[in-house]
Amino acid sequence: MSINNVQIFDTTLRDGEQVPGCKLNTEQKLIIANRLDILGVDVIEAGFPVSSPGDYNSVLEISKIVKNATVCGLTRANQKDIEVAAAALKYAKRPRIHTGIGTSDSHIIYKFNSTPDKIIERAVQAVAYAKTFVEDVEFYAEDAGRTSNEFLAKVCEQVIKAGATVINIPDTTGYCLPDEYGAKIKFLKENVKGIHNVTISCHCHNDLGLATANAIAGVQNGARQIECTINGIGERAGNTALEEVVMILKQHPYLNLDTNINTKLLYSTSQLVQQSMGMIVQPNKAIIGDNAFAHSSGIHQDGVIKNRETYEIINPADVGVNESSIILTARSGRAALAYRAKNVGYDLTKIELDDIYPQFLQFADHHKEVNDNDIHHLMELNHVYKSSIAI
């Protein structure tokens, strides 16, 4: 079977930047946008131009420097938003306007005090107007996750007729289960006239910890764009993490789905975003966390030392990490101590290792980790450094 390309739509600079405390200035946004372009993302959502003069200027400047990716600006379904976005995107080689409106009963009744028919009318008008400025128009059905499939299909069919090139199906509140979200995409594929002429996009939030699972369920059922952020940063509990969906597709070739991302740049890109936004990810964060390739259990350490694949399904080098880490703790075994000792110059014999190991455990019981200086100290106490240091 041929490999199907899944486009990566990165919204770190729009949805990610809406996180309290993560505001970026234009210079920082330009640096990140350039890195995203080098990383290989297909679409960079550069901002929400009408929201502030600063955001407008950032989208304008990003449009000037991005060489490969489509540059996208977010709007609501009104003329002013669309006009401002079009102006901000005027220098983009590949501009896209991302416009839309809420489609769930909750949004129609309480947010807009409107009716389903009027919502469809506004959606069509917005897409048609955006189409007068750019060829590439993406429509988002906000809160699609809680919208009935039948009404969502009606909305999608009408905006496709109006000229939408991408249909975004957001699980705005992170409510859906993966089978529900996947079934929603499948329903649209099977019931919307013209759907095969456009790209279906997944935009999933992580309120229940299911953003990545839902996005994968979406592409398994026919979506071909995933909207995500570096480190999964985003409002509330965050968005689908770019590094997670990219590596899932890479590590499961039988899915016949792949992206254009240069995965060797994932770790360094993650570090750039963490430093720029001041939002440090938890150590156990998948793919790019400090502990993603770290081992402290003796059983795991022994396996990894013998063959990395015993406990690692990803080669650290594939995401830009130099190597796996063997962390010495009271849970570490002899193999890990010998391995770390050798790395700092001590080629221990079995007798030396047996003599030192009980002392190592006593020391480790009183410390969270045993570092290289501690290893040197243990060697000196046991008078093995003169005969065992490798020359």
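Predicted model: local features only at pLDDT ≥ 70, side-chain atom pairs only at ≥ 80, totals over all residues.
1. The strands β2-β3-β4-β5-β6-β7-β8-β9 form a closed barrel of eight, with parallel pairing. From one strand to the next, the twist averages 25°.

2. H203 stands opposite E227 of β9.

3. Helix α5, residues 116–131, lies across two strands, β5 (95–102) and β6 (136–142). The angle between α5 and β5 is about 170°.

4. Helix α14 covers residues 372–381, and its buried residues include D374, I375, L378 and M379. These four lie on the same side of α14, because they cover an arc of only 140° around the axis.

5. After α14 comes H383, which has a positive phi, near 55°.

6. How many disulfides does a search of the whole structure find? The count is zero. For C22, the closest cysteine sulfur is that of C228, and the distance of 17 Å is too far for a bond; the cut-off for a disulfide is 2.5 Å. C72 is likewise in no disulfide, and its nearest cysteine sulfur, in C228, is 13 Å away.

7. Are C22 and C72 buried or exposed? C22 has a relative accessible area of 1%, so it counts as buried. C72 is also buried, because its relative accessibility is 0%. The cut-off for buried is under 20%.

Definitions and conventions:
Residues numbered from 1 in each chain as written. Heavy atoms only, no water. Buried < 20%, exposed > 50% of the residue type's maximum accessible area, 1.4 Å probe, protein only. Arc of directions from axis to C-beta. Pairing = 2+ DSSP bridges. Axes fitted to C-alpha atoms, helices over the stretch in contact; angles between N-to-C directions. Contact = heavy atoms within 4.5 Å.
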